[in-house]
Amino acid sequence: MRIAILSDIHANPDALAAVLADIAQRDVAATVQLGDVVGYNTRPRETLALLREHAISGVRGNHDLMAIGRLPPDQCGPVGRKAIRWTRKVLTDADCDYLASLPDELRLAGGVLCTHSALGDPGVRLHARAQFEEETKVLLHFDGDLRVCCTGHTHTPQVVEVGPAGVVRRPAAPEVALDPTAFCFINPGSVGQPRDGDERASYAIFDPEGHHVWFHRVAYDVRRIARDNARRGIKLGPRPATTRSLISRLFDPVP
Ligand SMILES: [Fe+2]
Ligand SMILES: [Fe+2]
């Protein structure tokens, strides 16, 4: 059974709709989202409506928790904080109830766990080898049957395997064969706010039985959401790879 993995939609319904249309053309049995449904962009209500309309299950991220006042709005830069303040004003009680109803983690069949970032901490950035080794221990202590953790938050599409060969980082590729003996982290990248220099929406399809992941990019009209944001006083610049991820790549290179 193939699962579409979406993350970091960030109040961008145009990107989400394009991704859902792409998924509809493929052999996919279910779609899950890994949190940060809102934040940064300025069409959160349409995004939430699309998720409900398509009955997409998922977890909550740090921006979702900031938007409903469950986390202080200080886990992002000044533009992100401004967007959270704006988002808080426009969400209805029903929208807040929906976000509050999302769990911190979601268990899928086949030893798969979905979280926004680390278990119990949606704000930490998993990027160094030692972090993935430690998180593997935490996850296996949480549930010894787990084999895969689908995680977002960094907006960096990749697979990280922790196994006999050590920690192996596999960049996003059209098709990635997983090491069935390793514990695998799958990050599908961001649907609505990519940061790797490619503005197209990013998502992944995962086949737990076949141990394969396919990464997809979907083009859509990125100017429309930029115009909507600017009209509401939220000016998001282009999002190249973050300084931290560049430093991580330099000092923690791909084997
Ligand atoms: Fe995010
Ligand atoms: Fe996040």
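User: Which residues is I5 in contact with in this predicted model, leaving aside its neighbours within four places in sequence?

Analyst: Those residues are V32, L34, C150, I186, P188, Y203, A204 and F206. I5 also belongs to the largest nonpolar core, which has 59 residues. Together with V19 and I186, I5 touches the most other members of that core.

User: What makes H10 count as buried or exposed?

Analyst: The count of surrounding C-beta atoms decides, and the cut-off for buried is 20 or more within 10 Å. H10 has 29 others within that distance, so H10 is buried. As for its place in the chain, H10 lies in the loop between β1 (3-6) and α1 (13-24).

User: How far apart are the C-alpha atoms of H10 and H63?

Analyst: They are separated by 8.3 Å, although the two residues are 53 residues apart along the chain. H63 is also among the residues in contact with H10, as are D36, Y40 and S190.

User: How do you know that the length of α4 agrees with what a helix should span?

Analyst: Helix α4 covers residues 78-90, and at 1.5 Å a residue its 13 residues should span 18 Å. Its end C-alpha atoms are 19 Å apart, which agrees.

User: Why are the buried residues of α4 said to line one face?

Analyst: They are G80, A83, I84 and T87. Seen down the helix axis, these buried residues fall within an arc of 105°, so they line one face of α4. They pack against α2 (44-53) and α3 (62-67), while the face turned away carries the exposed residues P78 and K89.

Key. Residues are numbered from 1 along each chain as its sequence is written. Chains are lettered from A and ligands numbered from 1 in the order in which they are written. This is a predicted model: local features need pLDDT of at least 70, side-chain atom pairs count only at pLDDT 80 or more; totals for chains, interfaces and linings use all residues. A nonpolar core is a set of buried Ala, Val, Leu, Ile, Met, Phe, Trp, Tyr and Cys residues joined through C-beta atoms within 7 Å. A residue is buried if 20 or more other C-beta atoms lie within 10 Å of its own, exposed if 12 or fewer, and partly exposed in between; C-beta atoms are placed from the backbone. Two residues are in contact if their C-beta atoms, placed from the backbone, lie within 7 Å. Helices (H or I, at least four residues) and strands (E, at least two) are DSSP runs, numbered from the N terminus. The expected span of a helix is 1.5 Å times one less than its number of residues. The arc is that of the directions from the helix axis to the C-beta atoms.
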